[in-house]
Amino acid sequence: MPTTPAPNAARRSERSRRAIFDAALALVGEVGYPRLTIEGIAARAGVGKQTIYRWWPSKAAVLLDAFTEGVESYGEGLPDTGDLAADLKHVLRATCDEFNAPAFQAPYRALAAAGAADEQLSRDFVARLMEPGFAVYAARLRAAQEAGEIDPDADLRIVTEMLLSPFSQRWLMRTGELTHAYTDTLVDLVLRAVRTRD
């Protein structure tokens, strides 16, 4: 007599995890972070809230995992066409478009706000999302420095922050629109400050 195959627990867990992530990302956009709850995520995902608590300690932890899983990896790093300004402008324009997308804005803003009151969440957010980005910018700048395009004494971490921190501040605090014209100007100003002088 044929036997019924046992349910695949790993596959079931992965389906539940995916449903939880999808629910968290959808709900934070619909109701905002303050009104986002574990109960709401569980109901939307079709799982018990104990399933969520078994895997994550808080709604912020769920959202961090959901968001960082969906963010593209930096792969091989920034392009290197030999034109540093053009490469940086190309990447920052793409980042501008991403930050202006509603699906990206809601979870990122929620995590930034939650991190202000939760030191460990903030550290995790920086380590998993921000530091990999800083590293690929620093690597491209290092190549330019080695090619003699950037002052050999320039601190590349600070140069990277000069590019990315004003961008983040403008977006997070809504001090102005994020546009391609803005990011192009940012690149021009930063490179003017750190270019090798003749």
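Tutor: A contact here means heavy atoms within 4.5 Å. On that basis, among contacts in the protein between residues at least 6 apart in sequence, 65% join residues at least 24 apart. The model is a predicted one, in which local features need pLDDT of at least 70 and side-chain atom pairs count only at pLDDT 80 or more, while totals for chains, interfaces and linings use all residues. Residues are numbered from 1 along each chain as its sequence is written, and side-chain values use heavy atoms, with hydrogens and water left out.

The setting is a protein with nine helices and zero strands, where helices (H or I, at least four residues) and strands (E, at least two) are DSSP runs numbered from the N terminus. Of its 198 residues, 38% count as buried, buried meaning under 20% relative accessible area, exposed over 50%, and partly exposed in between, with a 1.4 Å probe and protein chains only.

Turning to the aromatic side chains, the structure holds 11 aromatic pairs; rings of Phe, Tyr and Trp (its six-membered ring) pair if their centres lie within 6.5 Å, and planes under 30 degrees apart count as stacked, over 60 as edge-to-face and the rest as tilted. One of these pairs joins tryptophan 55 to tryptophan 56, edge-to-face, with 5.7 Å from centre to centre and 85 degrees between the planes. Tryptophan 55 is partly exposed at a relative accessible area of 32%, whereas tryptophan 56 is buried at 6%. Phenylalanine 99 and tyrosine 108 make a tilted pair, because their ring centres are 5.1 Å apart and their planes stand at 55 degrees. Phenylalanine 99 counts as buried, with 7% relative accessibility, and tyrosine 108 is likewise buried, with a relative accessible area of 10%. Both of these residues belong to one aromatic cluster, which is formed by Phe67, Phe99, Phe104, Tyr108, Phe125, Phe167 and Trp171.

Lysine 59 lies over tyrosine 33, at 4.2 Å from the ring centre, and arginine 170 lies over tyrosine 182, at 3.8 Å from the ring centre.

Note on methods:
A charge sits over a ring if NZ of Lys or CZ of Arg is within 6 Å of the ring centre and within 35 degrees of the ring normal.
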